[in-house]
Amino acid sequence: MGNRKNKKKKKQKELERLKSIERNRRIEESIQKESEKYEQEVKLLILGTGESGKSTFVKQIQIVYKSGFDLAFKNLFKTAIQMNLVLHTKILVMGMEKLDLEFETENESLAKDFLEVEETICKFGSDELKETIKTLWQDPGLKKAFENRSILQVPDTHSYYLDNIDRITKRKYVPTDQDILYCRIPTTGVKVVDFYVNDVPWKIVDVGGQRSERRKWIHQFDDVTMILYVVAMSEYDQDLYEDETVNRMRESLELFKSTSKNEYFEKTDCSILFNKYDIFQEKILKGISLKKCFDDFDGEVDVEVSKDFITKKFSSFAENEHRKVYNYFSCGIDTENIKSVFPHIQDNAAIHLGILFELFFLDSLFFVPYINPIMVFQNSYI
Ligand SMILES: Nc1nc2c(ncn2[C@@H]2O[C@H](COP(=O)(O)OP(=O)(O)OP(=O)(O)O)[C@@H](O)[C@H]2O)c(=O)[nH]1
Ligand SMILES: [Mg+2]
């Protein structure tokens, strides 16, 4: 009798031992799978029309997750910043005629001579050129032209350089991170940035968004983990640089529609970055209605109402049963803002790869806050 009891106990112990071995094997297998996944790179493809802020986002990643900009890169931007300073001021001067604006009499001949300056070989060695630009920038006519910069295709950030002209024209000038973030250089071709976040390798692919650049996009469509589509939400009252008969936001919407329909991306999750929120807010507060872009908009000229309208327009094209769409609002030139937005994009990519879901089964409590498959509407800027 006692013998049989002992045998039963032994059997039960053996069964528990086997169960424990099996459990450990399953956990090890799962951990192994996880580490294999971490070896798998996250490829984030950034798409969007020209000047929406794609490269600015990548520069922020360079600042936050890499070692920032090296001296060679800064020197490249020194040249671009000084050239842009002259070029964009010349566009404003020329635009005054188009806008029927005039210089004050004493500045007229100065402006005429300034138009002769060749921006590609301009030198700030002597103070003459700098002083000319400073005088012209004080002229009410040029200020008025800058207010109409959208029509003239002059970047919003140009006033920043005019206000900092003494510093940026010094012979030994080295651009700061902010100077580089504000600088507009249209991307040609493809730029790739590799970096690690929590031991996970990331590859961010930045492409040129102007029409002539878009035919190069297809070469980057393989193995994309997630698309980051950048919309400049402030551009609802602006026309394309490439074609002044087309509204910029309408172009962005059409491009988003066709990207969403692309067979490569049928099952690829997408984060939409509604960028340039700072300028968008300014424009709405000035009373510029979305009606400029959307005939079917009949809401109030109000930030929340306009924001909702735009986000719904975009999201409605992209959602399907295989794909999730996440919305974010951003100010691309604000490093702190991008620092707060990127972790959400990071989580979305992890969910897409199934990393957090599988860990969830190992430790449900710890990971619950991250798992939110219907995180469709996130407001990260305000
Ligand atoms: N005010 C403001 N300016 C921004 C913001 N994001 C980007 N910019 C500026 O917008 C301009 C264009 O940004 P880019 O990053 O070059 O645009 P892009 O999408 O890479 O343009 P392409 O390379 O032509 O496709 C730059 O001068 C940036 O400093 C933002 O949120 N607010
Ligand atoms: Mg770019």
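In this predicted model, the confidence of the protein is lowest in helix α16 (residues 364-367), at a mean of 32, and highest in α10, at 97. The score behind these values is pLDDT, the predictor's confidence in each residue, from 0 to 100. Helices (H or I, at least four residues) and strands (E, at least two) are DSSP runs, numbered from the N terminus. Because this is a predicted model, local features need pLDDT of at least 70 and side-chain atom pairs count only at pLDDT 80 or more, while totals for chains, interfaces and linings use all residues. Residues are numbered from 1 along each chain as its sequence is written, and chains are lettered from A and ligands numbered from 1 in the order in which they are written.

Over the protein, the mean pLDDT is 87, and 88% of the residues reach 70 or more. Residues 356-382 stay under 50, and for them the model has 42 contacts beyond four places in sequence. Two residues are in contact if their C-beta atoms, placed from the backbone, lie within 7 Å. The scores of the model are ipTM 0.99 and pTM 0.83.

The protein is built with 16 helices and 6 strands. Of its 382 residues, 29% count as buried. A residue is buried if 20 or more other C-beta atoms lie within 10 Å of its own, exposed if 12 or fewer, and partly exposed in between, with C-beta atoms placed from the backbone. Among contacts with a separation of 6 or more, 77% join residues 24 or more positions apart.

The domain assignment gives domain 1 (71-182) and domain 2 (225-370); such bounds come from an automatic or database domain assignment. Their C-alpha centres lie 32 Å apart. Where the domains touch, 5 residues come from domain 1 and 5 residues from domain 2. On the domain 1 side, the touching residues divide into 2 nonpolar, 2 polar and 1 charged. In this scheme Ala, Val, Leu, Ile, Met, Phe, Trp, Tyr, Cys and Pro count as nonpolar, Asp, Glu, Lys and Arg as charged, and the others, Gly among them, as polar.

The interior comes next. In soluble globular proteins, nonpolar side chains tend to be buried together. Here the largest nonpolar core has 62 residues, and those with the most contacts inside it are I46, L228, Y229 and F274. Such a core is a set of buried Ala, Val, Leu, Ile, Met, Phe, Trp, Tyr and Cys residues joined through C-beta atoms within 7 Å. Domain 1 and domain 2 each give at least three residues to this core. Leaving aside neighbours within four places in sequence, Y229 is in contact with L47, G48, F256, T259, C270 and I272.

Around ligand 1 there are 26 residues, the closest being G53, S55, T187, G209 and G332. A residue is near a molecule if its C-beta atom, placed from the backbone, lies within 6 Å of it. The elements that give two or more residues to this shell are α2 (54-65), α10 (177-182) and α12 (277-285), and the largest share, 3 residues, comes from α2. By class, the shell has 7 nonpolar, 13 polar and 6 charged residues. Domain 1 and domain 2 each supply at least three residues to the shell.

Some single residues complete the picture. E119 is found in the loop between α4 (108-114) and α5 (128-138), and E119 counts as partly exposed because it has 14 C-beta neighbours inside 10 Å. E119 and N84 are 35 residues apart in sequence, yet 7.8 Å apart in space, C-alpha to C-alpha. Beyond its neighbours within four places in sequence, E119 is in contact with M83, V86, L87 and K90.

Most residues other than glycine have a negative phi. Q153, not a glycine, has a positive phi of about 65 degrees. Q153 sits in the loop between α7 (149-152) and α8 (158-163), and is partly exposed because 15 other C-beta atoms lie within 10 Å. D223, also not a glycine, has a positive phi of about 55 degrees. The loop that holds D223 runs between β3 (200-207) and β4 (226-232), and D223 is exposed, with 10 other C-beta atoms within 10 Å.

L162 has its place in helix α8. With 20 other C-beta atoms within 10 Å, L162 is buried. The C-alpha atoms of L162 and K339 are separated by 28 Å, and the two residues are 177 residues apart along the chain.
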